[in-house]
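Colleague: I would like to learn how to read the features of this fold. Could we take them one by one?

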Amino acid sequence: MQVVSISSLKGGVGKTSVTTGLASAALAAGIKTLVVDLDPHADATTALGVQPGEQLDIGRMLKSPRRAKLAENVVRSNWSARAHSNGSGPAVLDVAVGSAYTGIYDRPDLGRRDLRRLTAVLVGAGNYQLVLIDCPPSLNGLTRMAWSASDKVALVAEPGLFSVAGTERTMRAIQLFKQEFAPNLSPAGIVANRVRTGSSEHTYRLAEMESMFGELLLSPRIPEQANWQQIQGAAHPVHHWPGDSAKSAAALFDELLANLMASGSGLRSRAR
């Protein structure tokens, strides 16, 4: 099992979109996957087509992590049913449902014991091959809790001045956190998202990112897609959305997922 935090310290860069794109790729590949929606806004839960029921959300599981029964409280994404209906065979995509309740842990003063809460909950995740944690866009308690529970961190950035600067700060934060709390944590790489190929500013910033981050800048880069809001609004996996642009995006996320999972073995893909 690989546990990957999808992080950014700057909001609005498409972090949840990358999480759901990777989840769609994992589902298409038959990788048994759990998405942990740790962002209090719970956008990943909505995008994955989950209707919360009687199950505990992730915030309430964090409240009593050693008594939380993860297997009994995850919710099957309706994306799994779509995968079955398309004849792709057994496919599992489960969600630890997000809620505003997690916000009580999103503060900067969590102690070491509190930082292990998610780790304790994920003890029950042994049946999954991949766990994707959608983190809030901050370096408060929830993100640090996610990093404590993770094998690696994937950072999402737009090729813009503030996003690039924020990514550099996040890389430093990961190294400091690794030294103090999580010696086995590693940066999986940086995902350049919402790239506009006709933008001279984006071209310049991508070159800057290549210079700053080298092989940590993962390929492929994810272009801005006009119908992405429509896909997410329909709570639909990109792999099953009609049209050539969706097929192209699905192929990019397939490649990105493969490179992301290989990155833990030191096989980071060089940026294009």
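**Strands, cores and a pocket**

Modeller: Start with strand 2 (residues 33-37): five of its five residues are buried, so the strand is largely enclosed by the rest of the structure. Buried means under 20% relative accessible area, exposed over 50%, and partly exposed in between (1.4 Å probe, protein chains only). Strands (E, at least two residues) and helices (H or I, at least four) are DSSP runs, numbered from the N terminus. This is a predicted model, in which local features need pLDDT of at least 70 and side-chain atom pairs count only at pLDDT 80 or more, while totals for chains, interfaces and linings use all residues. Residues are numbered from 1 along each chain as its sequence is written, and side-chain values use heavy atoms, with hydrogens and water left out.

Colleague: Which residues of strand 2 are on one side and which on the other?

Modeller: T33, V35 and D37 are on one side, L34 and V36 on the other, and all are buried, which leaves both faces covered. Strand 4 (residues 93-96) also has both faces covered, with L93 and V95 buried on one side and D94 and A96 buried on the other.

Colleague: How should I read the pairing of strands?

Modeller: Strands of a sheet pair through backbone hydrogen bonds, either parallel or antiparallel. Here two strands pair if DSSP finds at least two bridges between them. Strand 2 pairs with strand 4 in the parallel sense over four bridges; V35 has V95 as its bridge partner there, and V36 has A96. Strand 2 also runs parallel to strand 5 (residues 130-134), joined by five bridges, and in strand 5 the partner of V36 is I133.

Colleague: What is the order of the strands in the sheet?

Modeller: The sheet is open, has seven strands in the order 3-4-2-5-1-6-7, and its pairing is mixed. Strand 3 (75-76) and strand 7 (186-192) are the edge strands, each pairing on one side only. Strand 3 pairs with strand 4 in the antiparallel sense over two bridges, and V75 is partnered with V95. Strand 7 pairs with strand 6 (residues 152-157) in the parallel sense over six bridges, one of them between A154 and G189.

Colleague: And the nonpolar cores?

Modeller: In soluble globular proteins, nonpolar side chains tend to be buried together. A nonpolar core is a set of buried Ala, Val, Leu, Ile, Met, Phe, Trp, Tyr and Cys residues joined through side-chain atoms within 4.5 Å. The largest one has 46 residues, and L34, V36, L118, L122 and I133 have the most contacts inside it. Apart from it lies another core, of 39 residues, including W228.

Colleague: What does W228 touch, leaving out residues up to four places away in sequence?

Modeller: W228 touches S17, T20, G21, V238 and F253, where contact means heavy atoms within 4.5 Å. W228 is found in helix 11 (residues 228-233) and is buried, with a relative accessible area of 11%.

Colleague: How is a pocket read?

Modeller: Rolling a probe the size of a water molecule over the atoms shows where empty space is left. On a 1 Å grid over the protein atoms alone, with a 1.4 Å probe, a pocket is an open set of points with protein on both sides within 12 Å along at least five of seven lines; lining residues have an atom within 4 Å of a point. Grid points are joined across faces, edges and corners, and a volume is the space filled by probe spheres set on the points. The largest pocket has a volume of about 260 Å³. Of its 18 lining residues, G12, K15, T16, D39 and D43 are the closest to the centre. Helix 2 gives the largest share of the lining, four residues.
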